[in-house]
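Please open the structure in the viewer and keep the selection panel at hand.

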Amino acid sequence: MLKAQLHTNWRDIPPEAHGCAAALGNFDGVHLGHAHLVHSTHAARPDLPLAVVTFEPHPRELFRPQDPPFRLSLPDERFAALQALGVQHVFQIGFDEEFSRMTAERFVEDVLHDALCLRHVACGPDFAFGYRRGGDVTFLAERTGELGMGFTSVPALADAAGPYSSTRIRRLLQEGYPERATEELGRPWFIRGQVQHGDKRGRLLGFPTANIPLGRHLEPARGVYAVTVRLPGGYTRPGVANIGRRPTINDGQESRVEVNLFDFDGDLYGQTLSVALHKMLRAEQRFAGLDELKAQIAQDAQQARMVLNAELAGI
Ligand SMILES: Cc1cc2nc3c(=O)[nH]c(=O)nc-3n(C[C@H](O)[C@H](O)[C@H](O)COP(=O)(O)O)c2cc1C
Ligand SMILES: Nc1ncnc2c1ncn2[C@@H]1O[C@H](COP(=O)(O)OP(=O)(O)O)[C@@H](O)[C@H]1O
């Protein structure tokens, strides 16, 4: 796979990254609809280097910081997914107060044309940009034309339920259907994070769990999942995870991922893991005591093994 380049300072783009065909958007999750947009951008100008223009943080994280976290993918994960689609340059614009006040006119002229020197631009039908979302697809088509850039408006990819969207995938995860999110993402949804120290109770229960904070990731339905875990070095292992607040032990704390890797015994503290959700097994519960919890976890682990084996066997 060709390595992509990440550009985080739009005012200082190296000349070799000029002249791209770029798709615009937030690309949260990089789902099948996003892939369709990227492929269409390439199809419009296969002779130009392929790029994406995106924003970090997501504008909604800046405008509504009080909202619960909702990200499907953080910048590293998004970059990797875009790279896998064949994108050569990711222009990741720092979205701060000042940038948010830039008019649509200035965005097209100063950023897309003068700074990134794009030769072709593409976006989906609902892309709105610039101060108070003052620019839309029609405006973009007009202004890019006047500035001598090509433009493609790409219709949203849809299935029977409507267009693919990050919002739709978030809802599937919040309702406990990671396997349906997998279909719409084109890969299982995963949470990537660094393993932190917990209360050291997992080992006493006979199920050590690597704890990963959700951070800015969306919180999916609270409960138990069959998962696969990618370790540094590229190894993938099956496991079982609880996502939630662990009401049996200490209710009211931050929600986190706790994952027990099957047939594994090693120190994971400080390591970065990606935990991919395959299937939700049950909702999180408050148990009367640790013995009940332990018995239930043993059953969960058994069920997760069966689910993952069946998936591997293609059943
Ligand atoms: C498969 C699995 C299922 C779990 N289910 C629940 C649950 O339903 N309710 C709950 O309060 N805690 C649940 N837990 C969380 C345990 O309370 C947690 O793993 C244990 O407290 C260890 O925490 P520690 O890693 O901080 O030591 C579950 C853990 C695992 C691995
Ligand atoms: N099979 C395993 N699955 C998950 N973590 C494991 C496993 N074997 C060993 N570990 C280690 O044990 C730690 C979890 O043990 P635990 O008693 O639950 O402590 P903590 O509360 O700090 O998470 C993990 O962070 C990891 O370093």
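For the classes used on this tour, Ala, Val, Leu, Ile, Met, Phe, Trp, Tyr, Cys and Pro count as nonpolar, Asp, Glu, Lys and Arg as charged, and the others, Gly among them, as polar. The model on display is predicted.

**Ligand 2.** Select ligand 2 together with its shell, which holds 19 residues. The closest of these are Gly198, Gly202, Arg203, Pro208 and Leu268. Then colour helix H9 (202-205), strand E10 (210-213) and strand E13 (256-261), the elements that each contribute two or more residues to this shell. By class, the shell around ligand 2 comprises seven nonpolar, seven polar and five charged residues.

How many residues does the contact take from domain 1 and from domain 2? Domain 1 provides seven residues and domain 2 provides seven residues. On the side of domain 1 that touches domain 2, five residues are nonpolar, none is polar and two are charged.

**The cores.** Now display the largest nonpolar core, a set of 35 residues. Within this core, the residues with the most contacts are Trp189, Tyr225, Val227, Ala241, Val259 and Val275. Centre the view on Tyr225: leaving aside residues up to four places away in sequence, Tyr225 touches Pro178, Ala241, Ile243, Leu277, His278, Lys279, Met280 and Leu281. Finally, move to another core, apart from the largest one, which has 33 residues, including Ala21, Ala35, Val38 and Cys123.

Methods. Residues numbered from 1 in each chain as written. Chains lettered and ligands numbered in written order. Predicted model: local features only at pLDDT ≥ 70, side-chain atom pairs only at ≥ 80, totals over all residues. Near = placed C-beta within 6 Å. Helix = DSSP H or I, 4+ residues; strand = E, 2+ residues; numbered from the N terminus. Contact = placed C-beta atoms within 7 Å. Core = buried A, V, L, I, M, F, W, Y, C linked by C-beta atoms within 7 Å. Buried ≥ 20, exposed ≤ 12 C-beta atoms within 10 Å, placed from the backbone.
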